[in-house]
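Please walk me through this structure in plain terms. I have not seen it before and would like to know what to look at.

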Amino acid sequence: MDLAARFPAALRGRPFRVREALQRGVSAARLRSRHLIAPFHGTRCWSPPSTHADRARAVAPRLRSDQAFSHTTAAHLLGIPLPRRLERDQRVHVTTVGKDQSLRVHGTIGHRVRSERAQIVHSGTTPIIDPANTFVMLAGFLTTDELIVAGDALVGWLNWCTTDDLTAAVLRYRGARGIRKARAALAEVRTGSRSPGETRLRLTLVRRGLPQPARNHDVVVDGRWVACVDLAYPWARVAIEYESDLHRTDAHTFRKDLTRGEHLKDVDWWLVRATADDVGPLADQFAQRVRRLLATGAAGRHDTRPRDRPATFS
């Protein structure tokens, strides 16, 4: 007989606490079955946790009503992009809101925060520290630029909160660890971003003296919509697109990008394509290239090279 069939229906298909199973009449011997997974002390799962969300769900039965997932664990649950070094960290962060004892379970990191600083929200049945306060908590783990990416995600494509929400959270954490970094990052967070690559591309340009570009700009010429581009300098007719690996490996995206470029060329716009190298080791050269295009575009025609007129077609 399937092991799950020997358990109460309320425990099937989800992680549960050993204490709850005993209260529901499950024997201690059955809870020691090798077919059950014990990812954390005092909890059982039906299958090994394979993702950060799985590990959080495995801890969830241990949480009190004043405890919620926080820091990098909350970031994973909210979809906030994190650097690879933190993707490899399997520990689960849990914050206690108030004065009670923080969680002490092997494989987790317990934190505590004053009740006036943070609040608990829920994604389904999963308790999470609210997104704006998660931004401030991440300051202890991320670099300033990584925190800007997180902030752009929260107020941009994830749309979990507003810049006003982030500002209010930063003000509540005066004197806390990483608060200076949070303030510095907040000053450069902008709405409208749709990917980490776009944010890094924007920072690459403005940190090298170029003007703040328009984000996700709709190119409209003579009342006709032409394309929506990642970044743009409309006054110089320069569009910039960040090309991730998806643009290379997905055939539909590749064809769509080519078509967009041709449509922009038809209305006398330049399309500049940027890769990871252009926001990394080649950032200075890339910014200089864009600077030259802006100067030419602002002065008049894009292509100022002399050229012979084509022969007349019959």
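H71 has a relative accessibility of 8%, so this residue counts as buried, the limit being under 20%. H71 belongs to helix α4. Its backbone is also worth a look, since the model, which is a predicted one, gives H71 a positive phi of about 50° even though the residue is not a glycine. Most residues other than glycine have a negative phi.

T73 is found in this helix too, α4 being made up of residues 71-78. With a relative accessibility of 4%, T73 is likewise classed as buried. Apart from neighbours within four places in sequence, the residues in contact with T73 are A56, R91, V92 and H93. P83 lies 10 residues from T73 in sequence, and their C-alpha atoms are 13 Å apart in space.

A positive phi also occurs at D222, where the value is about 55° and the residue is again not a glycine. D222 sits in the loop that links β8 and β9. Is D222 buried or exposed? Its relative accessible area is 81%, which is over the 50% limit, so D222 is exposed.

Helix α10 spans residues 196-206, and eight of its 11 residues are buried, so the helix is largely enclosed by the rest of the structure. The buried residues are G197, E198, T199, L201, R202, L203, T204 and L205.

Helix α7 (residues 144-155) also meets helix α9 (residues 179-186): their axes come within 9 Å and cross at roughly 60°. That angle makes α7 oblique to α9. The crossing of α7 past α9 is right-handed. On the α7 side the contact is made by T144, L147 and I148, and on the α9 side by K181, A182, A184 and A185. Sorted by class, the residues of this contact are five nonpolar, one polar and one charged.

The pLDDT averages 90 over the chain, and 91% of the residues score at least 70. Over residues 309-314, however, the pLDDT is below 50, and this stretch has zero contacts in the model beyond near neighbours in sequence.

Technical notes. Residues numbered from 1 in each chain as written. Predicted model: local features only at pLDDT ≥ 70, side-chain atom pairs only at ≥ 80, totals over all residues. Heavy atoms only, no water. Axes fitted to C-alpha atoms, helices over the stretch in contact; angles between N-to-C directions. Helix = DSSP H or I, 4+ residues; strand = E, 2+ residues; numbered from the N terminus. Parallel < 35°, antiparallel > 145°, perpendicular 65-115°, else oblique. Left-handed = near helix turned anticlockwise from the far one by under 90°. Contact = heavy atoms within 4.5 Å. Nonpolar A, V, L, I, M, F, W, Y, C, P; charged D, E, K, R; others polar. Buried < 20%, exposed > 50% of the residue type's maximum accessible area, 1.4 Å probe, protein only. pLDDT = per-residue confidence, 0-100.
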